[in-house]
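Open the model in your viewer and have the selection tool ready. The stops below are meant to be taken in order.

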Amino acid sequence: MVDGFGHVSARHEADATRFLLARSMAPGLVTAGDIMEFDLGGNALDPRGRILYAERFIHSEIYKARPEIKAIVHSHSPSIIPFGVTSVPLRPIYHMSSFLGAGVPIFEIREASGPATDMLIRTPELGAALARRIGASAVALMRGHGDVVVGASVEQVVFRAIYTEINAKLQAEALRLGEGQVNLLNTEEAAKATATNNAVLSRPWELWKRQALARL
């Protein structure tokens with residue numbers, strides 16, 4: 001879900017007022033030595049001259065606003081971009097993406113910062129506006145930019161980030177068929193499928209972890 005850009009963070013297990021995020025670098029190259037500790041103001045506790053992600057405030061402000069969130073993925077997931085710039089809402093098309101049933105809001109940076117920005121969440125104020133927009137949802141789209149996905153664990157947030165991208169591909173393909181309406185999950189189906197999926201997160205996680213480690 002992240003190529004040369006994007007970032008993944010996790011709330012510190014021993015201190016809920018801290019979170020872990022790499023120094024500014026391509027996510028696929030991160031090793032344990034690149035992980036840094038931050039407070040909820042987005043300040044690095046031991047910077048040692050390392051360059052920080054400009055958009056670390058995505059993470060700090062969401063952790064501040066939502067104590068139940070333990071991990072965050074920000075990516076430029078390509079298939080979701082059209083849903084952030086059109087009037088077609090991103091909704092769950094199959095059971096693996098049932099968490100989208102809670103709604104997928106779109107963050108419009110112009111409303112928070114005016115018409116002239118570089119689209120990045122560079123300040124705590126913009127991070128707080130994004131946190132307010134995502135509300136209680138699992139995913140928010142960032143118009144013309146990407147998305148932010150939140151979860152109660154690293155395993156869950158990776159699951160959600162992957163299946164948000166897959167859902168967007170499938171929904172776009174269904175819409176391209178052009179005959180009638182797309183039959184999406186209803187509220188009850190989404191809730192029940194989410195409970196089922198949350199109980200088996202370890203199954204795909206072990207596979208994805210092995211695949212990632214094989215690349216090292």
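**Stop one: Arg-50**

Select Arg-50 and Asp-46: the backbone oxygen of Asp-46 lies 2.7 Å from a polar atom of the Arg-50 side chain. This is a predicted model, in which local features need pLDDT of at least 70, side-chain atom pairs count only at pLDDT 80 or more, and totals for chains, interfaces and linings use all residues. Residues are numbered from 1 along each chain as its sequence is written, and side-chain values use heavy atoms, with hydrogens and water left out.

Arg-50 sits in the loop between strand S3 (35-39) and helix H1 (56-65); helices (H or I, at least four residues) and strands (E, at least two) are DSSP runs, numbered from the N terminus. Show the residues around Arg-50: leaving aside neighbours within four places in sequence, it is in contact (heavy atoms within 4.5 Å) with Arg-23, Gly-33, Ile-35 and Met-36.

**Stop two: strand S7**

Next select strand S7 (146-151). Six of its six residues are buried (under 20% relative accessible area, 1.4 Å probe, protein chains only), so S7 is largely enclosed by the rest of the structure. Gly-146, Val-148 and Val-150 point one way from S7, and Asp-147, Val-149 and Gly-151 point the other way.

Ala-71 stands opposite Gly-151.

Val-139 has Val-149 as its bridge partner in S7. Finish at Gly-144, which takes a positive phi near 70° in the hairpin of S6 and S7, where three residues separate the strands.

Methods:
Polar contact = N/O pair within 3.5 Å; in protein donor to acceptor, adjacent residues only side chain to side chain. Buried < 20%, exposed > 50% of the residue type's maximum accessible area, 1.4 Å probe, protein only. Pairing = 2+ DSSP bridges.
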